[in-house]
Amino acid sequence: MCSYASQGVIETAAAAGGAVRRAQSLRKALAPPQLLRWLSSLLLLAVLTAPGLLGCCRDLVTGESFFCLGELSVAEEVELGAAVAPSFLAQSGGRYPDLDLGAYLREIVVTKLAPRTHRPELPWSFDIVNSSQPNAFALPGGKVFITRGLLARLETEGQFAHLMGHELGHICHRHALRGQGRSALFDLLLGIIIIGTAERQVLQTGPDDPLLVTSTAGAIGNLAFLPFDRGQELESDQRGIDYALAAGYDPREGRKTFEMFLRIKREAGQRETVFDELFNTHPLDERRIDEIDDYIAERHPAIAAGQRHELIASRPEFENQIGRLRQADEVYARLDTARALIGDARKRKNQSPLDSAEEILRGCARDLPQHARFPVALAVVAMERKNPADALRHLDRACALDPQLFEARFFRGVVYRETMKWDSAREELLAAHELFPMSPFPSFLLGEVCERLEDPAEAAKWYRAAIDVAPAGSEVERRARARLRDLRHAA
Ligand SMILES: [Zn+2]
């Protein structure tokens, strides 16, 4: 039997169910922009669609049935996660470029933990997101992420295993699909709206402002959250204990993460911190730590009594790897300072802070020569000084280091456009669009570039694509509509 809480929930779930059914029939033809347009329509559909399309999903840990979006199959769950993941990565700073560390941690998540979960058959994946904001995420279908900012604050491998076990737990319980106030797609939609809010800062000045667009793609950009309720968090804490233990880790390490959060929260008091977003979405209190202790004491008294000496708390290799990341995290803190200086130079219309910004960034690039985000920021400084040749030099370096980094490809497209190298601009903006299909900016600029290349049909196609994903009423949407109108008049 499915059970549900309130009328509002039913309406939302029913509407989303209808949308899923419609999308199912369209699915094969759906390219990312259309998929997004469909996701964005869900809120509206929540009001318009009649009930009767409710689905029943099963919690794959407990076997219990619950209301969800029109019988979302496992394949669709996987597809949904896969559709959102590239935009999610692109808007939160891209993949953290330490392949050794990524491989070491991926081995823990995908090889040790995931096969011991309740859904070993899922196509599990793990990535480190290059964001200073401390957080960890699970997208439906088996995609798990942790940020550089959170990794830098972890002390032990056992802590990491519990934290990732917790995220795997959300996916195994299919928490994101629960119709308890928010359906899975509704949650994802919220994520998109959050992205929209961050992009709104860009829209004040327009889509051709490279500094704001690239900073939104990085430090300022909010990450997409799936807000879970307290019961779901506690349930996932327990799965974190089960899975970490099954993989040979001491589950008592798990409490250290919450102790660290509480310590930071107390120290921060009322001050704004990078943790605020996390605390808003993951309510914390001492009880959560107590519940971890209670669960271990009840189920595993020998562990609680410290008698299971074979269990791993941490390994020297983890300490090495994280030590390197911690040093890098400090370099990235200087990047944030440099960005603030660039912002300051713009606001005061005074170029002198750019000198300090450039000096800081050159230092960062010396300390982490393999990291592409520093040359991108140096290119921003060069463009502030109206020096596109210099900017391109930095961007060529950034793109060579990390061709998958959205901010590098996008900004190179912007600079080519500024210098009227239309073919190169089109190539770079296409690459940027593929890396971040939910962003309206590459599409809008592709429209402009195609007009210059005297291909109005292609230009119209890109303006329409920008409108599909732009937040309603935004500047970029308005401008794309205006260009489309002009194109129609000219025809
Ligand atoms: Zn959680």
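**A sheet and its helices**

Modeller: β4 and β5 run antiparallel and are joined by 4 bridges. Two strands pair if DSSP finds at least two bridges between them. Helices (H or I, at least four residues) and strands (E, at least two) are DSSP runs, numbered from the N terminus. This is a predicted model, in which local features need pLDDT of at least 70 and side-chain atom pairs count only at pLDDT 80 or more, while totals for chains, interfaces and linings use all residues. Residues are numbered from 1 along each chain as its sequence is written.

Biologist: Which residue stands opposite Ala-138 in β5, and which residue of the hairpin takes a positive phi?

Modeller: Ala-138 stands opposite Val-144. The hairpin of β4 and β5 has 3 residues between the strands, and Gly-141 takes a positive phi near 95°.

Biologist: What is the order of the strands in the open sheet?

Modeller: The sheet has 3 strands in the order β3-β5-β4, with mixed pairing. β3 (125-129) and β4 (136-139) are at the edges with a single partner strand each, so one side of each has no neighbour in the sheet. From one strand to the next, the twist averages 20°. Axes are lines fitted to C-alpha atoms, for helices over the stretch in contact, and angles run from 0 to 180 degrees between N-to-C directions.

Biologist: In which sense do β3 and β5 pair?

Modeller: β3 pairs with β5 (residues 143-147) in the parallel sense, over 5 bridges. Ile-128 stands opposite Ile-146 in β5, and Phe-126 has Val-144 as its bridge partner there.

Biologist: How many of the residues of β3 are buried?

Modeller: A residue is buried if 20 or more other C-beta atoms lie within 10 Å of its own, exposed if 12 or fewer, and partly exposed in between, with C-beta atoms placed from the backbone. In β3, 4 of the 5 residues are buried, so the strand is largely enclosed by the rest of the structure. In β4, Ala-136 and Ala-138 point one way, Phe-137 and Leu-139 point the other way, and all are buried. Of the 491 residues of the chain, 50% count as buried.

Biologist: Which strands does helix α5 lie across?

Modeller: Helix α5 (residues 99-113) lies across β3 and β5, and runs at about 140° to β3.

Biologist: At what angle do α5 and α7 pack?

Modeller: α5 and α7 (residues 157-173) pack at about 55°, with their axes 11 Å apart. Two residues are in contact if their C-beta atoms, placed from the backbone, lie within 7 Å. Leu-105, Ile-108, Val-109 and Leu-113 in α5 meet Phe-160, Ala-161, Met-164, Gly-165 and Leu-168 in α7.
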